[in-house]
Each structure stands twice: as structure tokens, then as C-alpha cells.
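Work through the exercises below with the sequence and the model at hand. Each task is followed by a stepwise solution.

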Amino acid sequence: MEFAVHPQSSPVSEERRREILADPGFGQHFTDHMVSIDWTWGGDGQHSGGTWHDARIEPFGPLSLSPATAVLHYAQEIFEGLKAYRHPDGTVWTFRPRANAARLNRSARRLALPELPEEDFLESLRLLVSTDIGWVPDGEGQSLYLRPFMYASEAFLGVRPAHEIAYKVIASPAGNYFGGELKPVSIWVSRDYARAGHGGTGAAKFGGNYAASLAAQLEASAQGCDQVLFLDPVRDNAVEELGGMNVFFVFKDGSLVTPELTGTILEGVTRSSVLQLGRGRGLDVVERRITLQEWRDGVAGGEITEVFACGTAAVITPIGRLVDGEEHFDSPAVTPGDSVALDIRRELLDLQTGHGEDRHGWLHRLA
């Protein structure tokens, strides 16, 4: 696919960009350009008959949408998230983008959206990063967060897959996801809300799943907690995931356990990477059901030695306090130099930032 290039006529000044990169936060500032590709239905009744066209890089700016645009009424949209890192030699790389491309297409199938060829996905990332390379920060733990997304852009009212689709990529410089020094996060147990249901969209990276988590997140914030934990009440309150991260448990017998994928949990790229790195460390890596009661009993009896969350934005973050209504309990404190979570986190960050060996071929150069 050939991309047309329409440069930004009024880019952010170099001085202002330096100010932003000194303290980027997360998701607050955006680069000068974005990628756009359009798709139109082929009329054969199948999305495979449609065509991707008008690929371009253009100035970042507001979208012009009809009030009847399908995504506003039927939520037919998906997205991805990955990071670009500046290496010591000035080159810019991203981490496992083919896994993101594959997940985007799995999400597309679930939401009746067209699949985007992997090579076009990769080229869209390369073109945006190479165009806005000055926006890639080089501070400790900093990155350029990339957000590809796809939505139903056709203006119509009616419950059917849209005949016109837009794919876009935007980018935002990012610091520490939770801000400041890495510290354990506190978790609120949601008893009234579910993130996703069996047969639903839980395995897709779909905005509706995140929207469904927000009421519970408000509860968490009201209780002074950083994040919310969702359970599966039909499976004995099995642990599922947080509002935006997967959960892991380290046991004193040397096992690394995470909830099995049941169709209600998002298959995180960082999650799969942690599983592989854990095996490389000789841990007994297990994907299985783990209930909230097992979590409680494991911490109380010393069987569980660490609990942590992982995701693209936060990488790996230890979980500290768990608040369940009027009750709460603390996971064991992590100790630098004697922590599976922190060791894997460091290995991941070293690999992503070019300070460690890429033994798995996970890095992909963008600029």
C-alpha cells in the first residue's frame, strides 16, 4: 500500500516540544501527524470483498463526523496500544508489533470489522514514527505511545456492519503510567460490575469493554484505590483482570500463575511476554483458574509471595493492598533484588530500550 504524505503546516515549536518531553505524563499530548486509511465495502456481503484505500499521513487534528456516524450509535470500533523506544544509538524500535497486528485482526473479526494486512499495520507505525521522530523521548522509562484504532465511519442508522471504515494511528509521548516512582498499586474488588461476559467481547480490545469498567473504576477511586479487579461470579469468583491490565501471582514453590484465557480476558502482549520470560527463568508457568479466596489464603499462608499486574502502558506494577468492601489485605512487599516481578520488569525494559539482548526477536525497528 502506498501512503500519500500531507505535512503539518503548523507543527508544535521545538521549544514547546522540549517542554512536553521533559514531563510528558500519559496520553495528554500528541504528535504533529497521524495516519489514516479508509475502507469501503465491496458489496458482496462479506468484509473480505472490501477495499482499503487512500492511505495517507496527515496533520493531527479533529475528525469531522456526521451525527449519524455509525460508531457513535453502535460502538463498532477497536484499538491497539504499543510503544516506541529510542535506543542509545538514536534509532527507534517497537516491541512485538506483529502480535498487536494479529490481535487487532482478532478484534476486527469479533466486531465485524475488516482485517488490515499485517504489513500495512507495520508500515503505518513506521511512517508515523519516522515522520514525528522528534517526539520520541529519551528519558528514563519514557516512550512514544502508539494508538492504532479502527471505527465505523459510515453515516447511517441501522443495526448492521458499517460499509465504510476508518483506520488511524496517533502517537503520544509517555512517562510512567502511574506517575512518579514505581510503587505498589491498590486494588478495589468489584462485586457489582463485570467487565465482560461469556460469549461477549472480553477477548477483543474494544472500547466498550473499557467503558463497562468505568463505573467500577469510580468506585475504586472513591475508596482511595488505583485500579479495579473484576471477578467471574459463575466460576467461584475467579480472578479475571484489572480495568486495563492482566494479573500474575508468584508462588513460593517457584510457579508463576495467571488466569487462563476464557474469552472474557484480553490476551495481553505483555502478558504473553511475561509468560515466556518466566519460562526462561526456570519458573513453572501455569495458566489456570485462581479464585479470590485462593488469593486471600495464599497470601495469609505465605504460599503467594508476589502479586503484580502487567500491560503495555504500565509494563509491570506490583499490587499492594486489595480492598473488598469493608475488608482489606496486603500482598507481600516486593524487595528489589529478590523479586520476580521487578526482575522481569527490568528484563523487559532493558530489552525494549536497547540495553538488553533481544533473544526472542521481539524488537522491530521503526526509524
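**Exercise 1.** In this predicted model, find which residues have the most contacts inside the largest nonpolar core.

Solution. 
1. The largest nonpolar core comprises 50 residues.
2. Those with the most contacts inside this core are Phe-121, Leu-146, Met-150 and Tyr-167.
3. Take Met-150: leaving aside residues up to four places away in sequence, its contacts include Trp-52, Leu-104, Leu-113, Ile-165 and Tyr-167.
4. The neighbours of Met-150 also include Gln-76 and Glu-77.

**Exercise 2.** Determine which strands pair with S16 (residues 315-324), and in what sense.

Solution. 
1. Strand S9 (residues 185-189) runs parallel to S16 and is joined to it by three bridges. Here Trp-188 is opposite Val-323 of S16.
2. Strand S15 (residues 304-311) pairs with S16 in the antiparallel sense, over four bridges. Cys-310 lies opposite Ile-316 in S16.
3. S17 (residues 327-330) is also an antiparallel partner of S16, again with four bridges. Asp-330 in S17 is the bridge partner of Arg-321.

**Exercise 3.** How many residues separate the strands in the hairpins that involve S16?

Solution. 
1. Three residues lie between S15 and S16 in their hairpin.
2. Two residues lie between S16 and S17, and in that hairpin Gly-325 takes a positive phi near 65°.

**Exercise 4.** Why is S16 described as largely enclosed by the rest of the structure?

Solution. 
1. Count a residue as buried when its relative accessible area is under 20%.
2. Nine of the ten residues of S16 are buried, so the strand is largely enclosed by the rest of the structure.

Methods
Residues numbered from 1 in each chain as written. Predicted model: local features only at pLDDT ≥ 70, side-chain atom pairs only at ≥ 80, totals over all residues. Heavy atoms only, no water. Buried < 20%, exposed > 50% of the residue type's maximum accessible area, 1.4 Å probe, protein only. Pairing = 2+ DSSP bridges. Core = buried A, V, L, I, M, F, W, Y, C linked by side-chain atoms within 4.5 Å. Contact = heavy atoms within 4.5 Å.
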